[in-house]
Amino acid sequence: MTRAVRSFRAGPAVPGAVLRLAVLALAAGGALLLVPFPLWQGIAVLAAVVAGAIPRSLAAWVALACLPFGVILSEPDPVRTALAVLFVHALHVCASLSLVVPPSSRVALSVLLPSAGRLLAVQSIAQPLAFGVWLLAERPDAPEAAIFAPLAAAMLLGGILVALRAAKRAGEAASGAGAFGVLGADVRGPS
């Protein structure tokens with residue numbers, strides 16, 4: 001009797017170590033762009049190196065916590081705020097993925113798409129919200145920036161509507177219409 005060899009193709013993939021390198025790159029890039037103090041830059045980079053070597057140490061969240069210091073302790077700037085919102089969220093996503101993906105494994109790019117989609121969905125809500133809050137604060141040096149407030153509000157509303165639609169679809173899928181019936185599970189991976 002011969003046994004048939006079974007295999008499957010996962011498509012394009014990257015090494016699992018890429019996620020750990022992304023944590024280091026995001027923490028170092030965010031620290032250099034956002035944090036004006038060398039001590040906090042060093043702490044963020046050192047924590048990212050530790051997180052790359054030992055993800056379960058949760059050192060990536062120490063690096064993540066260092067990034068907002070640059071925004072809090074410097075003059076208000078919408079570009080720096082937008083970068084902080086992006087870097088903190090992207091660092092959180094990559095650090096979460098590096099907790100569950102061994103560095104010696106290979107990760108199919110199609111597996112990372114749901115996490116990338118969630119990153120974009122959250123950024124589509126968070127960026128206009130952060131910009132809108134910046135616009136609402138009294139700015140005697142930039143009164144012409146107030147014309148962007150309605151645009152930020154419209155973008156925020158659009159992001160919320162997209163998120164509600166996605167939540168409704170997920171609720172319908174979990175109510176028994178999934179592939180596993182009533183006991184269905186969402187196994188699209190960590191976010």
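Visitor: Which residues does S98 touch, once those up to four places away in sequence are not counted?

Guide: In this predicted model, S98 touches L19, R20, V23 and P55 when residues up to four places away in sequence are left out.

Visitor: Is S98 buried or exposed?

Guide: The general idea is to compare the relative accessible area with a cut-off, and buried means under 20%. S98 has a relative accessible area of 5%, and therefore counts as buried.

Visitor: Which other residues of helix 4 are buried?

Guide: Besides S98, the buried residues of helix 4 are R80, A84, F87, H89, A90, L91, V93, C94, A95, S96 and L97.

Visitor: What covers the buried residues of helix 4?

Guide: The cover includes helix 1 (17–34), helix 3 (59–72) and helix 5 (109–136).

Visitor: How do the spans of helix 4 and helix 1 compare with what is expected at 1.5 Å a residue?

Guide: Helix 4, with 23 residues, reaches 34 Å from its first C-alpha to its last, which is close to the expected 33 Å. Helix 1, with 18 residues, reaches 25 Å between the corresponding atoms, close to the 26 Å expected.

Visitor: Where is V88 found, and with which residues is it in contact beyond its neighbours within four places in sequence?

Guide: V88 is found in helix 4, and, with those neighbours set aside, V88 is in contact with L64, L67 and P68. The C-alpha atoms of V88 and P68 are separated by 8.1 Å, although the two residues are 20 apart along the chain. At 21% relative accessibility V88 counts as partly exposed, because the limit for buried is under 20%.

Visitor: What separates the C-alpha atoms of G29 and Q41?

Guide: They are separated by 9.6 Å, with the two residues twelve apart along the chain. The place of G29 is in helix 1, where G29 counts as partly exposed at 22% relative accessibility.

Visitor: Which backbone angle deserves attention at L58?

Guide: L58 has a positive phi of about 60°, although L58 is not a glycine. L58 lies in the loop between helix 2 (38–53) and helix 3, and with a relative accessible area of 46% it is partly exposed.

Visitor: How many disulfides does a search of the whole structure find?

Guide: In general, a disulfide is a covalent bond between the sulfur atoms of two cysteines. Here the search finds zero disulfides. Two cysteines may still be placed by their accessibility: C66 is buried, with a relative accessible area of 2%, and C94 is buried as well, at 14%.

Visitor: Which residues form a nonpolar patch on the surface?

Guide: The patch is formed by L157, I160, L161 and L164, which together have about 380 Å² of accessible area. L164 has its place in helix 6 (residues 149–177), and at 54% relative accessibility L164 counts as exposed.

Visitor: What does the chain look like as a whole, in terms of elements, contacts and surface?

Guide: The secondary structure comes to six helices and two strands, in the order β-α-α-α-α-β-α-α from the N terminus on. Of the contacts in the chain with a separation of 6 or more, 75% are between residues 24 or more positions apart. Buried residues make up 28% of the 191 residues, while the chain exposes about 12200 Å², of which carbon and sulfur atoms supply 73%.

Terms used. Residues numbered from 1 in each chain as written. Predicted model: local features only at pLDDT ≥ 70, side-chain atom pairs only at ≥ 80, totals over all residues. Heavy atoms only, no water. Buried < 20%, exposed > 50% of the residue type's maximum accessible area, 1.4 Å probe, protein only. Contact = heavy atoms within 4.5 Å. Patch = residues over 30% accessible without salt bridge, like charges linked within 9 Å, V, L, I, M, F, W, Y side chains within 5 Å. Areas by Shrake-Rupley, 256 points an atom, 1.4 Å probe, with all protein chains shown as cover. Salt bridge = Lys/Arg side-chain N within 4 Å of Asp/Glu carboxyl O. Expected span 1.5 Å × (residues − 1). Disulfide = S-S within 2.5 Å.
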